[in-house]
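Have the structure open while you read.

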Amino acid sequence: MKALGGRPDLKVGPGQDSTPPFLEAPQPDPALAAVHLLPVPFEATVSYGSGTAKGPRAILEASFQLELYDREFDCEPGVLYGVHTYNEMVLPAAPQLAIDTISRRVSEVYSPHALLGVLGGEHSITYGVVKGLLEVRDRPLTVVQLDAHCDLRDSYEGSPYSHASVSRRMLSLPQVEQILQLGIRSLCTEEAEVAKSDSRVRVWFTEDVHADRFEQELRERVRGKDIYLTVDVDGFDPTLIPSTGTPEPWGLTYAQGERIFRILAEEANLVAFDCVELAPVEGHHASDFVAAKLVYRLMNLFLRDKINELKTKE
């Protein structure tokens with residue numbers, strides 16, 4: 001197994017010029033890349049297992065083991081469209097300051113001509129990413145959230161910027177027109193009340209996804225919308241991705257995750273996405289690899305038109 005890198009003794013990853021690129025492929029200049037990846041190794045409010053600050057580097061290093069060839073497209077899509085990976089961010093330990101720093105950095109690197117991907121890190125970073133996007137864009141966003149938890153608490157363990165409050169914080173942003181949650185199977189009374197009372201929130205519990213009771217309404221809600229996709233890896237079953245801080249049984253399968261990606265790609269315009277809450281475990285690389293594979297397939301599905309266009313020019 002390759003070394004995980006980073007500094008496990010620090011709660012916040014240090015950001016290094018040696019940040020590995022995503023995929024073992026040439027890394028183009030940002031102006032030429034269709035995907036920009038921003039690693040955000042932030043961890044300060046995790047409430048059970050820790051290690052998410054090492055998540056971005058683990059995903060990047062695992063991506064070197066991915067086959068670039070995608071059978072669906074009969075080519076190596078990542079080579080065709082190009083991925084530029086920025087250096088890991090250096091972040092203050094205080095959650096509010098970190099979120100503000102993330103927001104400013106997202107505003108700097110966002111381009112309307114590229115798909116922005118963010119690798120976390122704990123889930124609290126999503127609020128900073130969405131804030132940064134809304135500061136440089138004049139259109140509302142629909143947030144689609146794959147997760148085991150609603151993250152709708154007003155605060156948790158004394159912090160309104162906790163990973164358990166990220167969706168509640170996004171509801172405070174007027175330009176977030178709806179939050180659509182899939183795979184939920186753990187929530188508190190407060191979160192249940194918010195989900196019932198706020199018309200901008202739609203929850204499909206894990207039983208809804210397993211029983212295929214979500215597709216038609218999901219399509220209708222995202223059709224023609226600009227969306228932000230946040231993928232908390234604990235949304236997937238822990239038999240698939242056990243390396244996460246708050247695993248919950250009866251989660252999504254890989255095939256269900258890819259199906260949701262495909263529905264969104266067919267109906268909506270993906271502005272940006274994140275993959276968060278991977279907490280890599282030394283000696284267990286399967287979770288890192290699955291997370292990297294999900295990120296690559298997500299990018300390929302959402303860039304399918306560009307891939308087909310570039311294939312005709314080869």
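Two residues are in contact here when they have heavy atoms within 4.5 Å of each other. One thing to keep in mind: this is a predicted model.

Let's start with Asp226, which lies in strand S7 (residues 226–232). Leaving aside neighbours within four places in sequence, Asp226 is in contact with Arg137, Arg139, Pro140, Leu141, Thr142, Asn269 and Val271. With one of these, Arg139, there's a polar contact between the two side chains, at 2.6 Å.

Now for Ile260, found in helix H9 (residues 254–267). Not counting residues up to four places away in sequence, Ile260 touches Leu146, Leu182, Phe214, Leu218 and Leu252. Pro249 is eleven residues from Ile260 in sequence, and their C-alpha atoms are 19 Å apart in space.

How buried are these residues?

| Residue | Relative accessible area | Class |
|---|---|---|
| Ile260 | 0% | buried |
| Asp226 | 6% | buried |
| Tyr127 | 10% | buried |

Each of them counts as buried because its value is under 20%.

On to the rings. The count of aromatic pairs comes to one. Tyr127 and Tyr161 make up that pair, and they're stacked, with 6.4 Å centre to centre and 25° between the planes. Tyr127 sits in helix H4 (residues 125–136) and Tyr161 in the loop between strand S4 (141–146) and helix H5 (166–171), so the pair ties together parts that are 34 residues apart in sequence.

Methods:
Residues numbered from 1 in each chain as written. Predicted model: local features only at pLDDT ≥ 70, side-chain atom pairs only at ≥ 80, totals over all residues. Heavy atoms only, no water. Helix = DSSP H or I, 4+ residues; strand = E, 2+ residues; numbered from the N terminus. Buried < 20%, exposed > 50% of the residue type's maximum accessible area, 1.4 Å probe, protein only. Polar contact = N/O pair within 3.5 Å; in protein donor to acceptor, adjacent residues only side chain to side chain. Phe/Tyr/Trp six-rings, centres within 6.5 Å; stacked < 30°, edge-to-face > 60°.
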